[in-house]
Amino acid sequence: VQHVPTNVQRTFYSANCSAQNTRHNDILDSLHTANQTPRRYNNSSCTSRTTSNQIQHSSARRLSNIASKSGDVEYDIVVVGGGIVGLAVAQEITNRSNHFKVGLLEKETELATHQTGHNSGVIHAGIYYKPGSVMAKLCVEGMQATYSYCDQHNIPYKKVGKLVVATNDLEEKRLMDLWERANQNGVPGLELVDAKGIKEREPACVGTKAIWSPHTGIVDWARVARHYGTVFQSRGGIIHKSFEATEFTEIDGGVKITSSKGVEVRCKHVIACTGLYSDRTAKLTGCHAEPKIVPFRGEYLLLSKEKSKLINGNIYPVPDPRFPFLGVHFTPRMDGEVWLGPNAVLAFAREGYSWSKFNLKDLAEVLVYPGFYRLAGKYLGYGLDQMLGSIFIRRAVKELQKYVPEVEASDISRGPAGVRAQAMNTDGDLVGDFIFSSGDSGLGARVLHCRNAPSPAATSSLAIAKMVVDKMEQQFNLKLN
């Protein structure tokens, strides 16, 4: 990120995706919720000063020296964070090698409990994201990888498709811009359909023109993530639950990680995938605190069982580039429910899944951050409207009827909510791409951070894992096979 000093942090991401120069349309891309076969690991893609066996044996000897001095749990590599990205990374490491001892730390009693367990369940095709961005590339790769993985491991999913629906001339113009973007991203199977084509796919939906994405699907992402963990453990990986990493210390060429309960784990290298806490984890390891995580709660409504029968697949609006979030849409679920929304309101806690969940430290960090006020200044009216919609849910009915006229106020009720770990810079720009970074020296150089991985991170998780492990091999001078 341009505003992070290079002597503090080394950042890896597409050069044409500067967070500080993000335009409204680019901000939009990072907030909407992606086909190429994922690339295989190529030995030639990583540089090394010694042979693979020398690195592995040297690493093992040095780790053994640490182990002999401590008696604590020891690993070559530790992944911090048991969400879908962390679990995918841990699984990918064991895909490539069984010569390294790998552990994963998760602060909760179960895996996949936050962003992974509180999302819409959509397998995205990559329509919205800025062409050339890491997000666009990995979403398209990740979609096909997800379907292949689910087929291989018998995880159920449904290819229900998605309609992005325009209802007037202005929206049709924006739809065509989106069509060009999606084709640049290489999204497969897209069709432009007219009002008749909309009715053929969604008889209850009205519109003048739409993009039809047949490969958009739905899945239980928490189930997928837990399966990543099962595969990881089956290959010798160890998962430590209820381990909240609160301190990182450089020791004897390694890293000591201490939990909130005083339990210690030691390792050579760390990959941090801590989602809602990624900025705090970076700061604990001596890396730059920016981009800052500002939590936004997305609240869903539920469509009645009777009206849910009208919905076949995903029905989305055409993005309005004036606003940073997508707006109300219809999302079918694997259990037969149909979710409506979500909205976007500031959460008063990083795990603030309702208005009553309040954390003084979390809120204070937001309120003293200059970027938040710059963002609020840009979108004050929009933000107030979102808050009113959160309180008075019937305000959503008019927008829902724009696409499905048969929906009435009596057909909707309050549903679940999730909290998005949205990265922001001091200019108030919402960071528009995945970011992976590390420090230049000392403790920070031993840690590779996933700093910004919001939606479509679940869809992209297998592709993200390949990129992260590639970077890990290069940065830490390792060869995994």
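A: Happy to! In this predicted model, helix 12 gives the most to the lining of the second largest pocket, with 6 residues.

Q: Which other elements each supply at least two residues of that lining?
A: Along with helix 12 (380-391), the elements that each supply at least two are helix 5 (169-184), strand 14 (292-303), strand 17 (338-341), helix 13 (397-401) and strand 19 (412-424).

Q: And how much space lies in the second largest pocket?
A: About 910 Å³. The pocket is lined by 41 residues, and the closest to its centre are Gly-327, Val-328, Asp-385, Gln-386 and Glu-399.

Q: How do the residues of the lining divide into nonpolar, polar and charged?
A: The lining of the second largest pocket has 20 nonpolar, 9 polar and 12 charged residues.

Q: New topic: helices. How do the axes of helix 4 and helix 14 cross?
A: Helix 4 (residues 134-153) and helix 14 (residues 457-476) have axes that cross at roughly 110° and come within 6 Å. Angles of 65 to 115 degrees count as roughly perpendicular, so helix 4 is roughly perpendicular to helix 14.

Q: Which residues make the contact?
A: From helix 4 there are Val-134, Leu-138, Cys-139, Glu-141, Gly-142, Met-143, Ala-145, Thr-146 and Tyr-149. Helix 14 brings Thr-459, Ser-460, Leu-462, Ala-463, Ile-464 and Met-467. By type, the residues of this contact are 10 nonpolar, 4 polar and 1 charged.

Q: Now the backbone. Where is there a cis peptide bond?
A: One joins Glu-290 and Pro-291, with omega about 5°. Pro-291 sits in the loop between helix 8 (278-284) and strand 14. Another cis peptide bond joins Ser-455 and Pro-456, where omega is about 15°. The loop holding Pro-456 runs between strand 21 (447-452) and helix 14.

Q: Why point those out?
A: Because most peptide bonds are trans. Most residues other than glycine also have a negative phi.

Q: Which residue has a positive phi although it is not a glycine?
A: Ser-242, with a phi of about 55°. Look for Ser-242 in the loop between strand 10 (238-240) and strand 11 (245-251).

Q: Last one: what is the mean pLDDT of the chain?
A: The mean is 86, and 85% of the residues reach 70 or more.

Q: And where is the pLDDT below 50?
A: Over residues 1-71. Beyond near neighbours in sequence, that stretch has 189 contacts in the model.

Terms used
Residues numbered from 1 in each chain as written. Predicted model: local features only at pLDDT ≥ 70, side-chain atom pairs only at ≥ 80, totals over all residues. Heavy atoms only, no water. Axes fitted to C-alpha atoms, helices over the stretch in contact; angles between N-to-C directions. Helix = DSSP H or I, 4+ residues; strand = E, 2+ residues; numbered from the N terminus. Parallel < 35°, antiparallel > 145°, perpendicular 65-115°, else oblique. Contact = heavy atoms within 4.5 Å. Nonpolar A, V, L, I, M, F, W, Y, C, P; charged D, E, K, R; others polar. 1 Å grid on protein atoms, 1.4 Å probe; cavity = no way out; pocket = protein on both sides within 12 Å on 5 of 7 lines; lining within 4 Å. Points joined across faces, edges and corners; volume = space filled by probe spheres on them. pLDDT = per-residue confidence, 0-100.
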